[in-house]
Amino acid sequence: MTKMQPDARHHGDHDHASHAHAEGPCRHAEDHRRHAAEALARAERICRERGLRLTPIRRQALEALHADHRPVGAYDLADRISPAGGRRLAPISIYRALDFLVEQGFVHRLSSKNAYVACLHGHGANEVVAFLICESCGGVDEDSSPAMKKAVAAIAENRQFSPSHQMVEIVGRCEHCRNSGS
């Protein structure tokens, strides 16, 4: 597990079936499973409060993203939520659902992967989020902290830059993969 600064929020989203841990199930995967239902309920509540609809396709996409611990591409998502034996959902329908989910803060788009991950907690529009992406197992850990927000704000202010969203993607190897030799 990564060392975190005080007041940091963190959750890991990666598939632990692809690599073994001597100590049993990974804490990150446990947290993800434990909080996914809460995140889905929060999405429903926020949609009601904002007068928005969590349509069946939007909900299915969000559920599918919560069911996986790795970033999922739009076409893979279409395969996962299309009816069994039926026609695959049109890519435009998937992208519209994903755009809505990202806009509402329920999902994050990882630019480097051109893929999406579910967010277990709500971020404010001005919150800086860092994604630690494991190049071995494909897992993603999400972290944010007041110190990181302050540092990124200082950089942007120094350059007189006005960010529309603030995400940092860091690629490397997670602690579990380093320790297991994956």
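This is a predicted model: local features need pLDDT of at least 70, side-chain atom pairs count only at pLDDT 80 or more; totals for chains, interfaces and linings use all residues.
The largest nonpolar core comprises 23 residues, of which L65, L77, I94, L101 and F106 touch the most other members. At least two residues of this core come from each of α1 (27-50), α2 (56-67), α3 (74-81), α4 (91-103) and β3 (115-118). Beyond its neighbours within four places in sequence, L65 is in contact with V72, L77, L98, V107, Y116 and A118. A separate core of six residues lies apart from the largest one and includes L110, V117, V129 and V140.

Helix α2, to which L65 belongs, contributes A61, L62, A64, L65 and H66 as its buried residues. The helix has 12 residues and spans 16 Å from its first C-alpha to its last, close to the 16 Å expected at 1.5 Å a residue.

Strands β2 (residues 107-110) and β3 pair in the antiparallel sense over four bridges, with R109 bridged to Y116 in β3. The two strands form a hairpin with four residues between them, and N114 in the turn adopts a positive phi of about 45 degrees.

One aromatic pair was found in a search of the whole structure. Y75 and Y95 are arranged edge-to-face, with 6.4 Å between the centres and 75 degrees between the planes. The pair links distant parts of the chain, as Y75 lies in helix α3 and Y95 in helix α4, 20 residues apart. Y75 counts as partly exposed because its relative accessibility is 45%; Y95, at 29%, is likewise partly exposed. In a further contact involving an aromatic ring, the charged end of R58 sits over the ring of F100, 3.6 Å from its centre.

How values were computed. Residues are numbered from 1 along each chain as its sequence is written. Side-chain values use heavy atoms; hydrogens and water are left out. A nonpolar core is a set of buried Ala, Val, Leu, Ile, Met, Phe, Trp, Tyr and Cys residues joined through side-chain atoms within 4.5 Å. Buried means under 20% relative accessible area, exposed over 50%, partly exposed in between (1.4 Å probe, protein chains only). Contact means heavy atoms within 4.5 Å. Two strands pair if DSSP finds at least two bridges between them. The expected span of a helix is 1.5 Å times one less than its number of residues. Rings of Phe, Tyr and Trp (its six-membered ring) pair if their centres lie within 6.5 Å; planes under 30 degrees apart count as stacked, over 60 as edge-to-face and the rest as tilted. A charge sits over a ring if NZ of Lys or CZ of Arg is within 6 Å of the ring centre and within 35 degrees of the ring normal.
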